[in-house]
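Work through the exercises below with the sequence and the structure open. Try each task before reading its solution.

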Amino acid sequence: MTFKNECQGFQLQMDSYLDGGLEPVQEREFRNHMDHCSGCAAELRYATMLLHEVASLPVMDCSEQALEPVNRLAGVSGQGPAGFMERLRNLLDSVPSALQIGAPIALAGAMGVAIALNAGWIGTPDETGVEPSLLAGGEQYTEDEIVQAMRDLEVAIDYLNAVTVRAETIIENRFVMELQDSIDASLRTLGTGDPDATTVDGPI
Amino acid sequence: MLAKYQQAIEQYRRQMFSFAYYSLRTREDAEDVLQDVFIRLWQHWRRIDHDKMGAWLMRTTRNAVVDHVRKRKSSRQHITDELIEAEAPDVALPETDAFRERLEIAIRDLPDPFRSIIIMRDVQGMSYLEIGHILELSQSQVKVYLHRGRRRLRENTALRQLAVDHELIDELDLKPAERVTKVTP
């Protein structure tokens with residue numbers, strides 16, 4: 001081995017030496033070389049000084065202004081981080097606006113049609129396309145019929161409320177969680193292993 | 001729950017901010033990154049393993065820094081920063097301060113993961129195991145990257161020049177040892 005290669009070998013061991021990671025025999029050889037090679041000894045002094053300077057860099061702290069989001073979040077909600085509605089809102093924020101508006105309208109429309117069909121509010125229209133009962137005057141309904149209609153309406157409203165609660169549960173269990181899991185799985189497939197991980201694999 | 005959220009931020013914010021600051025070297029950028037992480041913590045609170053909160057926060061901070069560096073590289077801001085640095089007049093800083101300033105720039109300019117590992121290990125004193133958890137690397141990989149990162153730092157020409165000019169080290173060669181092994185008879 002030439003002198004240059006010998007120096008290079010020892011300089012490659014420098015960090016292990018500084019970390020105390022050399023075997024006793026290697027460490028003895030390393031020290032011996034440093035005693036006899038002024039170039040490598042200067043490199044070792046420089047490496048030691050650099051390590052000391054890096055370790056001396058102070059711990060930094062952010063300004064109070066940087067904590068503003070924390071204070072704002074704490075002020076806005078006393079319910080704690082990321083409740084269901086908040087997570088749903090975050091998810092919806094990431095969905096295109098056309099879908100954000102269109103999906104609830106379509107869902108509400110579908111529910112309305114289903115309820116109307118179930119309650120028999122939509123029947124076979126006559127030639128005018130309008131229910132005969134809707135064309136009739138108020139005199140045709142008795143008081144009992146009106147009371148019964150009000151009761152039916154209350155039942156329908158209760159049913160609608162129950163459907164809303166159920167829809168929320170279904171959205172959370174089947175839609176939000178599955179979609180989130182799917183996003184997480186996609187991110188993991190990209191090799192990051194973390195939902196918040198960057199997609200960058202190599203050195204930046 | 002809210003108290004725990006604030007407590008987590010109080011506990012880890014210095015560690016996170018120091019990491020972001022030495023990675024980016026501007027307070028404004030580091031605070032932007034930190035705010036982003038605070039919001040992510042809020043959004044993901046229920047899905048985080050709270051026993052590994054520190055690792056999650058540092059990993060998220062590191063990822064936010066990487067994203068920030070990537071965005072800055074493609075913007076005019078980076079060019080402006082470099083111009084300001086290049087044209088900055090030589091202020092009569094004490095020798096050690098000038099060297100420290102150049103050292104911080106050299107650390108910032110290291111590519112990742114060398115930069116992250118140097119900051120976590122040599123500035124913040126984290127263990128190989130902790131760094132491995134954060135960066136999802138084995139301990140031996142962390143060690144290899146650390147040694148390569150330190151070597152790159154030692155080979156930084158501007159830093160060596162400053163050390164020689166200020167006579168911080170005697171007999172230091174401006175050119176570091178050859179990297180490529182040349183077998184000679």
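A residue is buried if 20 or more other C-beta atoms lie within 10 Å of its own, exposed if 12 or fewer, and partly exposed in between, with C-beta atoms placed from the backbone. This is a predicted model, in which local features need pLDDT of at least 70, side-chain atom pairs count only at pLDDT 80 or more, and totals for chains, interfaces and linings use all residues. Residues are numbered from 1 along each chain as its sequence is written, and chains are lettered from A and ligands numbered from 1 in the order in which they are written.

**Exercise 1. Describe the secondary structure of chain B.**

Step 1. Apply DSSP runs, numbered from the N terminus: helices are H or I with at least four residues, strands are E with at least two.
Step 2. Chain B then has nine helices and zero strands.
Step 3. Its pattern along the sequence is α-α-α-α-α-α-α-α-α.

**Exercise 2. How do α2(B) and α3(B) cross?**

Step 1. The axes of α2(B) (residues 27-44) and α3(B) (residues 53-73) come within 9 Å and cross at roughly 130 degrees.
Step 2. Classify the angle: under 35 degrees is roughly parallel, over 145 roughly antiparallel, 65 to 115 roughly perpendicular, and the rest oblique. The two helices are therefore oblique to each other.
Step 3. List contacts, meaning C-beta atoms, placed from the backbone, within 7 Å. Val33(B), Val37(B) and Leu41(B) are among the α2(B) residues that meet α3(B), where the partners include Leu57(B), Ala64(B) and Val65(B).

**Exercise 3. Find the largest nonpolar core and the surroundings of Ile118(B).**

Step 1. Join buried Ala, Val, Leu, Ile, Met, Phe, Trp, Tyr and Cys residues through C-beta atoms within 7 Å.
Step 2. The largest such core has 53 residues. Val37(B) and Ile118(B) are among those with the most contacts inside it.
Step 3. Set aside neighbours of Ile118(B) within four places in sequence. Its contacts then include Val54(A), Ile107(B) and Leu153(B).

**Exercise 4. Where is confidence lowest and highest among the helices of chain B?**

Step 1. Helix α4 (residues 76-87) of chain B is lowest, at a mean of 52. Helix α6 (residues 114-123) of chain B is highest, at 96.

Technical notes
Contact = placed C-beta atoms within 7 Å. pLDDT = per-residue confidence, 0-100. Axes fitted to C-alpha atoms, helices over the stretch in contact; angles between N-to-C directions.
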